[in-house]
Amino acid sequence: LGNRQIDDDAANSLAEMMRVDHTLTRIEGAYALAEALKHNSSVIEFGLRFNQISTPSACILSEALKQNTTLTCLDSVFKNQICDDGAEAIAEALKTNITLTDLILSFNHISDTGASSLAKALKENNTLVSLVLKGNSIGSEGGYALSLALTSNTSLTCLTLQENQISTDVMNTIAAALENNSRLAELMRLNETSE
């Protein structure tokens with residue numbers, strides 16, 4: 001249902017369906033469906049691409065992530081507008097969520113503040129395997145916070161930071177942190193806008 005501009009009535013109908021139908025294994029839709037994730041015990045992938053998800057919507061989604069025990073992939077809150085406050089709410093959920101393995105937050109207007117919140121969550125979360133932050137506004141401060149998180153996180157195997165504003169020096173710091181994190185197998189950078 002990506003890129004459908006789902007209205008409230010349609011989202012509420014789909015949310016009600018999820019509350020009673022426990023056979024779904026993948027669903028894509030609008031932010032209002034996040035409430036249903038609290039009650040559904042079989043959805044493993046939740047996609048929200050191109051649906052104008054805003055900060056309040058991301059906060060609702062983060063509450064669902066705190067309670068849901070089956071979702072493994074949030075694919076994706078891609079090309080929305082969750083911004084730093086939404087990233088902070090999702091980061092809080094990551095501190096307690098024990099099932100999510102893949103989180104894609106590309107092109108969401110996340111800056112250093114949001115990246116720093118996610119970095120703090122990575123220090124406590126030991127289930128997230130892939131974090132995609134491509135195309136945000138993360139600069140050197142956020143990149144440095146992520147590098148510190150990499151020294152203690154033992155689950156992350158893929159970190160994508162393409163198309164941000166992280167300086168070469170900080171990218172080198174992140175690369176050095178990789179030496180202490182034997183699990184991180186892939187750091188994708190291709191940072192066209194770096195210094």
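**Before you start**

This is a predicted model, in which local features need pLDDT of at least 70 and side-chain atom pairs count only at pLDDT 80 or more, while totals for chains, interfaces and linings use all residues. Residues are numbered from 1 along each chain as its sequence is written, and side-chain values use heavy atoms, with hydrogens and water left out.

**Stop 1: the whole chain**

Show the protein chain as a cartoon, and you will find seven helices and seven strands. Helices (H or I, at least four residues) and strands (E, at least two) are DSSP runs, numbered from the N terminus. Follow the sequence and the pattern reads α-β-α-β-α-β-α-β-α-β-α-β-α-β.

Of the 195 residues, 53% are buried. Buried means under 20% relative accessible area, exposed over 50%, and partly exposed in between (1.4 Å probe, protein chains only).

**Stop 2: helix α5**

Select residues 112-124, which form helix α5. The end C-alpha atoms of α5 are 19 Å apart, which agrees with the 18 Å that its 13 residues should span at 1.5 Å a residue. That expected span is 1.5 Å times one less than the number of residues.

Colour the buried residues of α5, among them D112, G114, A115 and L118. What covers them? Look for α4 (83-94), β5 (130-132) and α6 (140-150), which are included in the cover.

Next, pick S116 in this helix. Is S116 buried or exposed? It counts as buried, at 16% relative accessibility. Leaving out residues up to four places away in sequence, S116 touches E141, G142 and A145; contact means heavy atoms within 4.5 Å.

**Stop 3: the largest nonpolar core**

Select L100, L103, L105, L128, L131, L133 and L161: of the 39 residues in the largest nonpolar core, these touch the most other members. Elements giving two or more residues to this core are α3 (55-67), α4, α5, α6 and α7 (168-178). A nonpolar core is a set of buried Ala, Val, Leu, Ile, Met, Phe, Trp, Tyr and Cys residues joined through side-chain atoms within 4.5 Å. In soluble globular proteins, nonpolar side chains tend to be buried together.

Zoom in on L131. Apart from neighbours within four places in sequence, L131 is in contact with L103, L122, L156, C158, L159 and T160.

**Stop 4: the salt bridges**

How many salt bridges does the structure hold? There are three, each a side-chain nitrogen of Lys or Arg within 4 Å of a carboxyl oxygen of Asp or Glu.

- Select E63 and K66, whose closest N and O atoms are 3.1 Å apart. The two are three residues apart in helix α3, so about one helical turn separates them.
- Select E92 and K95, which meet at 2.8 Å, N to O. E92 is partly exposed at 39% relative accessibility, and K95 is partly exposed at 25%.
- Select K134 and E163, which meet at 3.7 Å, N to O. K134 lies in the loop between β5 and α6 and E163 in the loop between β6 (158-160) and α7, so the pair ties together parts 29 residues apart in sequence.
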